[in-house]
Protein chains: 2
Amino acid sequence: MQRYFLTKVTKTDDELELPKDIAHHLTTVLRAEAGTKFEIVLADKQVYLAHVTRIEGLLTFAIIDQQLDVNVELPVKVVIAAGLPKGDKAELITQKATELGATKIAFFDSKRSVAKWAPAKQSRKIERLQKIASGAAEQSHRQVIPEVVYYNNINELLASETAEVKIVAWEESAKNGEQSQLVQSLNELKYGDTLLTIFGSEGGLATDEIALMQQHQVVPAGLGPRILRTETAPLYMLSAISYHFELEN
Amino acid sequence: MQRYFLTKVTKTDDELELPKDIAHHLTTVLRAEAGTKFEIVLADKQVYLAHVTRIEGLLTFAIIDQQLDVNVELPVKVVIAAGLPKGDKAELITQKATELGATKIAFFDSKRSVAKWAPAKQSRKIERLQKIASGAAEQSHRQVIPEVVYYNNINELLASETAEVKIVAWEESAKNGEQSQLVQSLNELKYGDTLLTIFGSEGGLATDEIALMQQHQVVPAGLGPRILRTETAPLYMLSAISYHFELEN
């Protein structure tokens with residue numbers, strides 16, 4: 001069933017006028033009519049069943065029928081923080097990280113990032129990525145749309161993102177045969193905690209960035225013995241987190 | 001360090017003439033000269049350190065110095081079998097599944113596949129995907145290049161692919177709250193066993209395809225509560241397998 005986000009609306013028994021983009025999608029893409037059912041996520045992040053009551057020109061109205069007993073969110077909040085990647089990889093990371101359950105997606109300009117976002121373009125880039133996250137959240141039936149943000153450097157990232165546990169995907173860890181840090185970090189997390197996960201761009205992270213992370217209690221963790229591309233590592237991380245918390249426990 | 005596959009060559013103390021594509025890459029892309037070191041994987045799937053001995057026009061020669069003590073392969077063989085996906089998703093699955101450790105990647109025409117590969121184009125498609133797998137195997141420093149194959153339908157797939165454990169990623173499992181089958185299936189695998197994992201295309205799998213799989217002892221397994229796109233599910237699967245075997249155990 002189609003799912004939409006109405007994140008500024010609180011539960012009501014009254015008829016709702018749907019926002020224009022949702023009304024347009026329902027009536028022209030899905031050819032909805034009075035009685036067509038769909039799901040909405042309200043400000044409380046809960047899922048509700050609703051149906052179209054009437055369509056009057058460009059205006060579409062609906063009523064909320066009942067709350068659905070579903071929870072598809074990870075038991076911990078995961079922030080994916082990726083050094084600016086090349087090409088369209090920011091789009092791929094945003095779409096896939098949303099599907100895989102991320103709470104927030106941050107891109108930061110790292111010393112070895114080849115890609116740079118000119119200051120004039122940053123807000124438009126983030127706006128575009130936020131739209132991708134919203135679409136992916138609807139498609140994967142999330143209850144939360146991950147927020148997409150930009151930081152000018154790792155200092156800004158570390159100053160802004162607080163978390164109970166912080167890890168950096170660190171290729172050298174894998175080379176040194178370190179295998180247990182990710183498991184250990186996940187075991188430290190309690191329900192509702194936040195996990196900050198940091199990924200370098202194609203060129204990896206610079207020595208002073210690593211040093212700064214250590215000052216902020218960010219722990220290096222390997223993601224297995226194969227070398228993963230910059231856009232693949234966050235997907236591995238989120239899949240492993242889901243397997244650990246949602247399938248094993 | 002750059003890694004190449006020489007999968008038809010057995011270990012030798014003699015000077016080797018390198019294949020044209022590798023010679024070209026070494027000399028023109030990497031600007032190698034006599035003495036430049038690189039890694040090669042030979043027919044025994046072991047990694048060796050080698051160095052360029054001389055470059056004579058288009059011919060490049062090298063000598064194998066020593067075997068390196070590395071193993072980056074998963075302890076079980078994983079076959080990813082995906083219903084034909086739309087657009088360029090077969091490329092994405094091939095590249096990412098290679099990075100994440102798959103042994104073999106099969107695409108099969110499923111009843112609900114919107115994408116179809118015309119018979120005349122199948123071998124060219126597979127050839128192209130095989131090249132992507134080879135490139136990704138080099139980049140992620142694999143010791144095995146996954147074989148890419150095509151099956152006309154699920155019957156062919158099930159008749160050809162034998163495996164100790166077979167699972168199908170099944171969205172309905174997730175909706176029913178099933179959470180432990182993947183963990184259970186992974187626990188059944190012994191070192192060197194083969195795991196066949198099957199994924200539907202965008203439209204999912206048809207009822208009679210599911211029935212046929214049951215006859216072949218394919219078990220449905222959920223991949224967590226969120227709905228994953230057809231190209232994301234294989235990446236989740238491989239990441240979970242790596243986490244289970246390489247980080248936890």
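Predicted model: local features only at pLDDT ≥ 70, side-chain atom pairs only at ≥ 80, totals over all residues.
The contact takes 41 residues from chain B and 41 residues from chain A. Which residues of chain B lose the most area to chain A? They are B:Arg226, B:Tyr243 and B:Leu247, together 23% of what that side buries.

Now, how do the two copies sit relative to each other? Two copies of a chain are related by a rotation about an axis and a shift along it. Here, a rotation of 180° with 0.0 Å of shift along its axis superposes chain B on chain A, with an RMSD of 0.0 Å. That is the relation of a two-fold axis. The same surface serves both copies, since 100% of the contact residues of chain B recur in chain A. If you want to find the axis on your screen, look for B:Ala240: of the residues of chain B, its C-alpha comes closest to the rotation axis, at 2.6 Å.

B:Ala240 also takes part in a helix pair inside chain B, so let's go there next. Helix H6, residues 181-188 of chain B, packs against helix H8, residues 233-247 of chain B, at an angle of about 55°, with their axes 11 Å apart. That makes H6(B) oblique to H8(B), and their crossing is right-handed. From H6(B) come B:Leu182, B:Val183, B:Leu186 and B:Asn187; they meet B:Met237, B:Ala240, B:Ile241, B:His244 and B:Phe245 in H8(B). By class, that contact has 7 nonpolar, 2 polar and no charged residues.

Definitions and conventions
Residues numbered from 1 in each chain as written. Chains lettered and ligands numbered in written order. Heavy atoms only, no water. Axes fitted to C-alpha atoms, helices over the stretch in contact; angles between N-to-C directions. Helix = DSSP H or I, 4+ residues; strand = E, 2+ residues; numbered from the N terminus. Parallel < 35°, antiparallel > 145°, perpendicular 65-115°, else oblique. Left-handed = near helix turned anticlockwise from the far one by under 90°. Contact = heavy atoms within 4.5 Å. Nonpolar A, V, L, I, M, F, W, Y, C, P; charged D, E, K, R; others polar. Least-squares fit on C-alpha atoms with pLDDT ≥ 70 in both. Buried area = accessible area lost by both parts, 1.4 Å probe.
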